[in-house]
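Here's a quick briefing for anyone opening this structure for the first time. Have a look at it below, then read on.

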Amino acid sequence: MPPELVRHLLDQVSLLSRTTLEPRGLSFAGLTERERDVLKLIADGLSTREVAMKLSYSERTIKAVLQALTIRLNLRNRTQAVAYAVRNGWI
């Protein structure tokens with residue numbers, strides 16, 4: 001592709017990210033910052049309780065984040081959610 005077109009496309013992607021996604025707490029990966037943080041810690045082997053303590057959330061909040069994520073991505077469990085996120089380069 002011509003360099004001018006690439007530059008224009010990247011500018012548009014950046015604008016979309018700043019004006020639409022970031023104010024809603026989203027990224028192009030489709031994960032919120034909270035979801036990304038939770039998945040990273042789960043991938044590191046932390047339990048739900050440990051993740052909650054590390055992020056200063058309740059265990060119930062962590063469970064809700066994981067449940068919403070698995071439902072939205074049509075996954076079975078937290079292990080599959082971590083694997084899916086790793087495969088897609090989200091974490």
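Predicted model: local features only at pLDDT ≥ 70, side-chain atom pairs only at ≥ 80, totals over all residues.

Residues are numbered from 1 along each chain as its sequence is written, and side-chain values use heavy atoms, with hydrogens and water left out.

**H3 and H4**
- The axes (lines fitted to C-alpha atoms over the stretch in contact, with angles from 0 to 180 degrees between N-to-C directions) of helix H3 (residues 48-55) and H4 come within 8 Å and cross at roughly 110 degrees.
- That puts H3 roughly perpendicular to H4 (65 to 115 degrees).
- On the H3 side, Thr-48, Arg-49, Val-51, Ala-52 and Leu-55 make the contact, and H4 brings Glu-59, Ile-62 and Lys-63; contact means heavy atoms within 4.5 Å.

**H2 and H3**
- Helix H2 (residues 33-43) and H3 have axes that come within 10 Å and cross at roughly 130 degrees.
- H2 is therefore oblique to H3, oblique being whatever is left after under 35 degrees (roughly parallel), over 145 (roughly antiparallel) and 65 to 115.
- Asp-37, Val-38, Leu-41 and Ile-42 of H2 meet Val-51, Lys-54 and Leu-55 of H3.

**Thr-70**
- You'll find Thr-70 in helix H4 (residues 59-72); helices are DSSP runs (H or I) of at least four residues, numbered from the N terminus.
- Thr-70 counts as buried because its relative accessibility is 10% (buried means under 20%, with a 1.4 Å probe and protein chains only).
- Beyond its neighbours within four places in sequence, Thr-70 is in contact with Leu-75, Asn-77, Arg-78 and Ala-81.

Technical notes
Helix = DSSP H or I, 4+ residues; strand = E, 2+ residues; numbered from the N terminus. Buried < 20%, exposed > 50% of the residue type's maximum accessible area, 1.4 Å probe, protein only.
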